[in-house]
Amino acid sequence: MNASSPLPTDSDAFRAAVRDFLREALTPELIRAGERTTSVFSDFEAGRQWQSILHQRGWGAPDWPLEYGGTGWDIQQRYIFQEECRQANAPTPVMMGIQMLGPMLMHFGTPSQKERFLPGIISGSNVWCQGYSEPGSGSDLASLKTTAEHDGDDFIVNGTKIWTSMAHYSDWIFCLVRTDKTVKPQAGISFLLIDMATPGITVKPFTSLDGEVEQCQVFFEDVRVPTANLLGQENQGWTVAKSLLEFERGGQHFTIDLKKQLSKMQHMMSSETCRVTADPTFAYRVAETQIDVMALEQTELRIKGSLTAGDNPGALSSLVKVSGTELGQRCAELLIEAAGQSAIPWQSEVLAPSYEGSTAAASESVTTMAEYINSRATTIYGGTAEIQRSIIAKHVLGL
Amino acid sequence: MTEEQTMLWDTADRYLRENTDFNQRRDQIAEAIYNQPQKWQAFAEMGWLAMPFPESMDGLNFGLREIAILAELCGQYLVTEPLIDTLAVASTVLMRSERATALVPDVISGELIAIAAIDEPTAESRLSPSCTLSQTESGWHLQGKKYWISAGASATHFVVLADSGNGLAWVLVAKNAEGLSCETFPTHDGKGGANCHFDLPINDDQILLMGDAAAEALAAFRECAMTLSSAETLGAAQAALDTTVDYTKQREQFGQPLASFQALQHRMANMLIQTETTRSLVYAACDAADRDSPDRGRFARAAKVKSAAVGRKVTQEAIQLHGGIATTDEYIVGHFFKRVTALETWVCSKGEALQEFMALDA
């Protein structure tokens, strides 16, 4: 499972320092939360606690520029940091604020908006969710119908947002709203920052296919939002939205998670419960997947190597998103085959970080089925694989 | 289909359509009800539980082709009741056992729900169990663990595959027997499972088959389970495709129905091609078994491999073409995906069937 590391050896000292920190800072419960993560989100409280620990160490947002609380690490150091966190089973905090909104505030925000919102994001004290999709506007995002109308110094917001991950835990939501119905759809959208505690907002959580609750629908009824909460110019929200989606799609190192899945595979293949050790075709498929992961890793490094901190990778983020998510699905398929019958139990209580009891599933396949089920959503959220391919066709190939 | 088969299909389809409610199914699973007593009783009254038995036992003497009709409908209607599980055991293990003759009336009436317990932690256990049946002064003793028994939560009895020291044995154990500790749990596909620890005395009457007869029954059970899981997967895949076609005709994005985009039309056309070719192989496997053709084992394995690959692909595509809505538990299409995933590995995985297919052809 040795996807070759492209990092030079002088990073060893940095890696050792990160490891030392993780060994000290990660409690058994936080590690369990990391181990039992079945989607992009870990147990919410564990994630929040971990973000606060990272922030206290000064590592709350390594990808941010130094002036906003970033670390000043170079691209390799940031990669090592993420990799070590993942390998040590650190939980994943809700990242919509840090990964998506933060960079937008830095690009488009006024000085007072930056001052007001960035500190709460990096400390984890303000959790943000993303209000983009609507029931009738998924892939066709620009057709969104939630409206914001001027009323004195406020906007009055009406409508609904769907697939708002973790809205039931969030303090704030960043939202795309329609501020002009008379122009072409993309030209009449604005980007609003809305306090979830504002009267008129209700949240309806959904049970996902794996039995967990992460997704919500958010309803807005005459919600009063100060015009000072507009990010960027009025009716220029589409520019902000597109830029943010590129961060969402390209902002993570997919290969770190993929390599983690491959090492789980290695662990499972050495376990007595593995159903496929005698199957030579399986080993070939694992090896081919490993090679594809190596190809994506080099691609990520090639793209990110040409960017400086805070930049955005443009349409190439679509390439990375399609490859990363589809490879993740392939790894999840291999894992489910290796787990076989031992992955059929579904015990949601086992996923709680405080759970220390026995499990009906084999211990190495407790999360395998949920991860496989959840992997199907990765080619839908953040712009479907179909939309990504259309972006590549149009903006990269010029078709 | 023959006239008799068409009639069976129509009756079963009508019953399941009228008595299946998706939201009710979710509520019952949440309450750990996997086998609704009225439904199970109705299955018995319609003769479904009597299908494999000969007329001399008050059975219907139906073949695998007829049983597969029920399996296909189980896939379409997401039946959680242990129908294919019990029919696979009845058609193979119980049918071969003289000692089981006395039990058959209870099986047909639905009172005795016998589920096979074969899986143990190691992959090899499916063919050579480490669960032991050993002779004692007064009789026998069964010792060992069986895990991840699909539909195990609905069983009244387990039919346990064990090593007797003198070949394999199939042993009947009541779920409430002293010396059996049984933990039941929910499963992702809604069938409800069980993990069992056996440590109990066994009398002669409980030993259904032993030695060569037990080995033959295991081979027959596996082959039957391969074909029935293929048929259920087929039913689920077809239903996922139908749901997707309906949805994409209604759902509009960019000012037109999703179904009007050529890229998506082609994907649904592929789903159809794959489902129909799977259907041919599943029906051929049933006919080969019913004719006792020398090819029967080869066809069963082919159907298993094909249906597992197609069931996975078609239900994954169904989710993808729906988009976000299919990732919620409140929408039906993901449940076809979850059931098909569980069927992939039930009794014999796709990988196991593929290797056996290659060995047969070698």
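**Exercise 1. Work out what share of the contacts in chain B with a separation of 6 or more comes from residues 24 or more positions apart.**

Solution. Start with the contacts in chain B that have a separation of 6 or more; residues 24 or more positions apart account for 75% of them. Keep in mind as you go that this is a predicted model. Next, look at burial: 56% of the 362 residues in chain B are buried. A residue counts as buried here if 20 or more other C-beta atoms lie within 10 Å of its own.

**Exercise 2. Describe the make-up of chain B, and explain how its radius of gyration relates to the globule rule.**

Solution. First, list the secondary structure: chain B has eleven helices and ten strands. Second, take the radius of gyration, which is 21 Å; the globule rule gives 21 Å for 362 residues, so chain B is as compact as a globular protein of that length.

**Exercise 3. Divide chain B into domains and examine the contact between domain 1 and domain 2.**

Solution. Begin with the bounds: domain 1 covers 3-112, domain 2 covers 115-210 and domain 3 covers 214-361. The C-alpha centres of domain 1 and domain 2 of chain B are 22 Å apart. Now turn to their contact, to which domain 1 of chain B brings 16 residues and domain 2 of chain B brings 17. On the domain 1 side, helix 5 (residues 83-96) of chain B gives the most, with five residues. Sorted by class, that side of domain 1 of chain B holds eight nonpolar, four polar and four charged residues.

**Exercise 4. Find out which elements of chain A give two or more residues to the side that touches chain B.**

Solution. Count the residues first: the contact takes 38 from chain A and 34 from chain B. On the chain A side, the elements giving two or more residues are strand 6 (201-207), helix 10 (316-339) and helix 11 (368-375). This side of chain A divides into 16 nonpolar, 15 polar and seven charged residues.

**Exercise 5. Trace the strand partners of strand 7 in chain A, including strand 3 and strand 6.**

Solution. Take strand 3 (residues 154-162) of chain A: eight bridges pair it with strand 7 (residues 213-226) of chain A in the antiparallel sense. Within strand 7 of chain A, A:Phe219 stands opposite A:Thr160. Then take strand 6 of chain A, which runs antiparallel to strand 7 of chain A and is joined to it by six bridges. Here A:Pro205 stands opposite A:Cys216. Finally, follow the chain between these two strands: they form a hairpin with five residues between them, and A:Gly211 in the turn has a positive phi of about 95°.

Conventions. Residues numbered from 1 in each chain as written. Chains lettered and ligands numbered in written order. Predicted model: local features only at pLDDT ≥ 70, side-chain atom pairs only at ≥ 80, totals over all residues. Helix = DSSP H or I, 4+ residues; strand = E, 2+ residues; numbered from the N terminus. Rg over C-alpha atoms; globule rule 2.2 N^0.38 Å. Buried ≥ 20, exposed ≤ 12 C-beta atoms within 10 Å, placed from the backbone. Contact = placed C-beta atoms within 7 Å. Nonpolar A, V, L, I, M, F, W, Y, C, P; charged D, E, K, R; others polar. Pairing = 2+ DSSP bridges. Domains from an automatic or database assignment.
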